[in-house]
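Visitor: Could you take me through one part of this model up close? I'd like to look at the place where two of the chains meet.

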Amino acid sequence: MSEIAPKELRIVGFLCNWCSYGGADTAGVSRFRQPTDLRIIRVPCSGRVDPLFIVKALLNGADGVLVSGCHPRDCHYTDGNFYARRRLEMLKQLLPYLGIDEKRFHYTWISASEGQRWQKTVTDFTNQIHKLGPLHSTTEAHSGS
Amino acid sequence: MGPEKMKEIITDVLKDVDVVIGYKQGFDKLHATPCFINKAEQIEEIIWSPVCVQNLASFLPSLKAKKVGVVVKGCDSRTIVQYMQEGLIDRSKVVVVGIPCTGVVSVKKVLDKVNHQPIEDVVFEADGAILVKTPAGETKLSLADVSPDKCSTCLYPTPVVYDHLAAEPIKSVKAPEDVYKDVEEFEGKSLEERKVYWEKEFDRCIRCYACRNACPMCVCQDSCIAESRDPHWISQKSNLSEKFMFHMIHSIHLAGRCVECGECERVCPMGIPVNALKKKLNHDMKALYNYEPGVNPEDKPPMYTFSVEEKKIEEHKL
Amino acid sequence: MRVGVFICHCGSNIAGTIDVAKVAAEMRKVPGVAFATNYMYTCSEPGQDEIKEAIKREKLNRIVVAACSPRMHELTFRRTIEKAGLNRYFLEMANIREHISWIGLDKEANTNKAIESVKMAVAKAMNNKPLYSQSFKVNKRVLVIGGGVAGMQAALDCADGGLEVILVEKSPSVGGMMARLDKTFPTIDCSICILGPKMVDVAQHDKIKLYAYSEVDDIKGYVGNYQIKIKKKATYVDWVKCTGCGACMEKCPAKNSYDHFNFGVAPTRAINIPFPQAIPKKAKIDPNYCRQFVKGKCGVCAKICPTGAINYEMQDEIITEDVGAIIVASGYGLVDMDKFPEYGAGRYPDVITGIQYERLLNASGPTEGHILRPSDKTEPKTVVFVSCAGSRDKSCGIPYCSNFCCMYIAKQAILTKDHIPDSQSYVFYMDIRSPGKGYDEFTRRAQEDYGAKYVRGRVSRIYPKGKKMVVVGADTLLGTQVEVEADLVVLATAVTAAPGAPQLAEKLHISYDTFGFYVEGHPKLRPVETNTAGVYLAGCAQGPKDIPASVGQGSAAASKVQALFSKDMLESDPAVAKVNENTCVGCLKCIMTCPFGAVKEKELRGGRIVANVIETVCAGCGVCTATCPCGAIQLSHFTDNQLLAEVNTICQK
Ligand SMILES: Cc1cc2nc3c(=O)[nH]c(=O)nc-3n(C[C@H](O)[C@H](O)[C@H](O)COP(=O)(O)OP(=O)(O)OC[C@H]3O[C@@H](n4cnc5c(N)ncnc54)[C@H](O)[C@@H]3O)c2cc1C
Ligand code: SF4
Ligand code: SF4
Ligand code: SF4
Ligand code: SF4
């Protein structure tokens, strides 16, 4: 991954189109400075986020994954984030059992008007991942590949 | 308990079903194999003993069109309840012949005890002792020594659902809090230890998919995303991350659905603890939603439903 | 695959902090990319032409535009590539402005991030499939929620345009807040005199069906085809029989009922018609005060009513209406006085709210237009107005400006002088916000012609002293402490979202902000649209605004609906779920989770059961896709493979 500046870590974000992606846009429009590590994948709804995407990312090079959807009760699709909450919580609890620090995965709810909250989330999460350091340098040691 | 009562029941059941699934002897006395009975003369083949380990309920979804009788142990019966929760069987077309069970054997454990000698005979004594005859002689074992791990914490020796019971019900003497003791113990290890553990285990996986094929709740079978290109979740490369990914697919698809029959682990040629992650997930489902798979037909698997206010899920702070 | 990549400079918005030429150069190295370029304004006409020409010249079949947020211009570019003969879903956008150039100053890091983001878009685009809309019939009826001035304007404009309108109003009469006002700024014309005729039009228009004292109970469906359940709340008076004569009201013995219309300025009867001009002019019983309900016996109104309209047994009723679009004009609320302990928290009768003061000024109000102090019914000679009671006050949880208070305070100061020529008004203010046409002149007139004394500063405390209320504040211009002994204090209490606004938003699937105001599609360019197709906003439901702005939005929302209904058929969004019948194993888990009931069982010829998606019902959330264990039900445009392509671009060990 030549593009990645050495000081950056690999953070993947799944954002629902209606709320959180909009919140990230709002933060942009307001010029709220944020760290550059995050790469955003737009999904219609947090309910679209199969926990396996997160696993896939974490197993293949991501140091952290962030999922953000509409606030509970405010889902554009009524119930999508309710399913998301159960699935993501399941993963959140499973990860440490696999030896992956649960702090590497965060899920939250941010609305389209919460640009500031988005800025804070990205900043805090990025800092958290930097505190943990890269996930994969240790993996390589045991990996058979 | 002899199979006589069971044979009587099956003779009766056979009158109004298309087929009854039971056990018969396999290639030696240590192995039982499923038999599909549709004629009264086959009933004599039926056996029942602690070598009847396979979960016969697994056949039910594929026989959905037929009326089927099935012999189940306590643990296997949870599969039926789970199928009911998920609408995978039509309960009115299934006749359940339940067997209260005092434990089965792990073929692997027995073979280890007799140094993998060919089996000449296996006799279950009334006092619970097992006599295994091999060319090297006779070995006396106790059931507790050679039972699979699942039996040591079994809460449901008597089937949770049945139409006929082949013997008097047995009450579980196991403590419910022990069921997930192994999970909690593992959680005592450090993150790094756990990571190393799984990487070591999963790296041995040869992706034969025996675990998946044996799993009664792996509904996808030929459509399993571990082998498809559309969607293309994992490649056929044999590296750790792909193997790890396969096990994550298997586990996450079973979140809150695994009935802990242990079939996956039983069939794995590599001795990988395939059931362990699912147990961890079940442990969490119990804690989060007070849900236990395959126990109450009225329940809804937790991943297919939600509560607007999730009492046990706290918002995560950064 | 021949992907074309277009990197926008957006003037210096993007090019200022991203090396766009480098991004384009890097893209040319990506397998599958046949063409990559950068352009000053890709969304401009020449910019779009450049895309169209390149599609033809370079035989491009997938297009990636790296520019602003897709929430901004996705539709623009979809149309562009469609004009050049490509399926519109062959477009992907990389958001390198809002998500990159605007949030970081490090050009190198930004450029790297942009390169990866564009690569992700390329990877996804290579997996994009052509999608085609289905057309479906539109039900050209519109539901308007809220019969304030905004909702009435919307309803009338729609109805005059020939559309059938269902107007649902929560309270017993239409009119909203404006019906309670005395005069209106900046012209001081009588509020009900200009509103009344509109209310009558609403009642008499043959295209408008009014459900007063009703609420929306449930909303199902999608743009063009909504099924609405309306709850008609029990009034205990048969409105078909009631003639609005008011005989019941005169005789009702429960004389101490809370008067919602007058904000409790004076009590009313348990059975009442809220105000003389009410539409519909029908009586309704408040069971919280009615003796028949509270004590179990009375029956006076039943005896008095000449038409026998009283029915104590009446139940709520649910009515179903089908519509194709919805205008939400549910208005606003006002913050409770108990939020202000320093002002007595509503305990002093002579500290009242602005809206209560409107009722005291109003000729058809409880005091028949005489300004009388609530405590002793005497005429106040000194009146103090306190602006920003709650507004712009973070400690009160209301950081925003309530928009119209400065103006109505000026109006009320003028009217006070008109009513009581020897009175003196004081206005404590933070800033005077009067940016409308003729507005600033108006606030000046209050000071210069009507002698209202404006004191710049916050009021810190109000306390009683004999018959007076002492108002203590700081004059921040003079830097001194001010104390005014007032006869009456009027608080301009902050505007809040209408009670129940979030619950209504949840039924409508529209977003609301932290304060409960509904969020418009775009703050500048789509002020009356929401992000839910077919749902529009008007008036204070979207945020505090005065009557002209509310009316303007009512008309704007109506014209949006007219435009939507100008076609008989609508195009469905083809980004819906599709089932691969070969791999579906018929486990039907997708049916369990689809929030819209869009998935149904289907039997194939061999008797095999599979899932089947009803395209027009599917909303495109993808909950099913994340449910299906075998990936057989895929949300088009956001398939597993498309999202995996993005993940794989950035996560490769
Ligand atoms: C004291 C005071 C003085 C004012 N003076 C002036 C003035 O002089 N000039 C001026 O331009 N503006 C003035 N305003 C502002 C004016 O009141 C508003 O601009 C105007 O009322 C907004 O109209 P609306 O239709 O958006 O909301 P509203 O008037 O609030 O009407 C909303 C309607 O929707 C109904 N509703 C709410 N929820 C639901 C629901 N869930 N279902 C169905 N119906 C529902 C309500 O009952 C109400 O009838 C003043 C405001 C105040 C407080
Ligand atoms: S995962 Fe293993 S233990 Fe669980 S149901 Fe499947 S086979 Fe049985
Ligand atoms: S049975 Fe064992 S080796 Fe085979 S796929 Fe399952 S875990 Fe891997
Ligand atoms: S969840 Fe998947 S496999 Fe099951 S019925 Fe739905 S589409 Fe088919
Ligand atoms: S995407 Fe799936 S879950 Fe969502 S509405 Fe469509 S069919 Fe239902």
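Guide: Here's a walk along the interface between chain B and chain A. Keep in mind that this is a predicted model. On the chain B side, 48 residues are in contact with 41 residues of chain A. Three residues stand out here: W233(B), H316(B) and L318(B) supply 19% of the area that chain B buries against chain A, more than any other three residues.

Between chain B and chain A the count is four salt bridges. One to zoom in on is E315(B) with R117(A), whose side chains meet at 3.8 Å, N to O.

Which elements build the chain B face? Those giving two or more residues to the side that touches chain A are α6 (181–187), α7 (191–203), α9 and α11 (276–289) of chain B. The largest share, nine residues, comes from α9(B). By class, that side of chain B has 28 nonpolar, six polar and 14 charged residues.

While you're on α9, follow it to ligand 3: α9 (240–253) and α8 (210–214) of chain B each supply at least two residues of the shell around that ligand. In total 14 residues surround ligand 3, with C205(B), C208(B), Y209(B), C211(B) and C268(B) the closest. The make-up of that shell is 12 nonpolar, one polar and one charged residues.

Terms used. Residues numbered from 1 in each chain as written. Chains lettered and ligands numbered in written order. Predicted model: local features only at pLDDT ≥ 70, side-chain atom pairs only at ≥ 80, totals over all residues. Heavy atoms only, no water. Near = heavy atom within 4 Å. Helix = DSSP H or I, 4+ residues; strand = E, 2+ residues; numbered from the N terminus. Nonpolar A, V, L, I, M, F, W, Y, C, P; charged D, E, K, R; others polar. Contact = heavy atoms within 4.5 Å. Buried area = accessible area lost by both parts, 1.4 Å probe.
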